[in-house]
Amino acid sequence: FATFHDSTYTLFRIILGDFDFLALEQASTLLGPVFFITYIFCVFFILLNMFLAIINDTYSEVKSELSSETKQGLEFGDYIKKSFRGLFRVCGVKPDEEEEEEEPSVQDMKEALPPLRVQPDV
């Protein structure tokens, strides 16, 4: 801790777990361990809060994206469902109110469609 550069470098090494506690204790039997423990608690508290803030922010973004995708997916699904129901009505297939959730059978669709007129080649 002779210079500011050495102090900063030593504190950075302490954050990474590379420290010599005996040297701190030999420098000052009371202030060395108190400084070390206080520094470790403060730095790890700050780093843990930063990590949790990043995780929380990312979680919020993903949750909002999923909720918007779900709404868009439901809107698209409803659009497709309404389109098919309109198509079936045009073709003459009208499901009963109770059977509204069931899909029409292939036979019903064949009966509802007009016969195909083939034009001969000229």
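Is Phe-36 buried or exposed, at 10% relative accessibility? Phe-36 counts as buried, where buried means under 20% relative accessible area, exposed over 50% and partly exposed in between (1.4 Å probe, protein chains only). A quick note before the views: this is a predicted model, where local features need pLDDT of at least 70, side-chain atom pairs count only at pLDDT 80 or more, and totals for chains, interfaces and linings use all residues. Residues are numbered from 1 along each chain as its sequence is written, and side-chain values use heavy atoms, leaving out hydrogens and water.

View A. The whole structure has 3 aromatic pairs (ring centres of Phe, Tyr or Trp, its six-membered ring, within 6.5 Å; planes under 30 degrees apart are stacked, over 60 edge-to-face, the rest tilted). Phe-19 sits in the loop between helix 1 and helix 2 (21–27) and Phe-36 in helix 3, so the pair ties together parts 17 residues apart in sequence. Helices here are DSSP runs (H or I, at least four residues), numbered from the N terminus. Phe-19 is partly exposed at 38%.

**View B. Phe-35 and Tyr-39 in helix 3.** The ring centres are 6.0 Å apart and the planes at 20°, so this pair is stacked. Phe-35 is partly exposed, with 38% relative accessibility, while Tyr-39 is buried at 16%.

**View C. Ser-7 in helix 1 (residues 4–15).** Ser-7 is buried, with a relative accessible area of 15%. Its side chain reaches the backbone oxygen of Thr-3 at 2.9 Å.

Definitions and conventions. Helices (H or I, at least four residues) and strands (E, at least two) are DSSP runs, numbered from the N terminus. A polar contact is a pair of N or O atoms within 3.5 Å; within protein, one must be able to donate a hydrogen and the other to accept it, and residues adjacent in sequence count only if both atoms are side-chain atoms.
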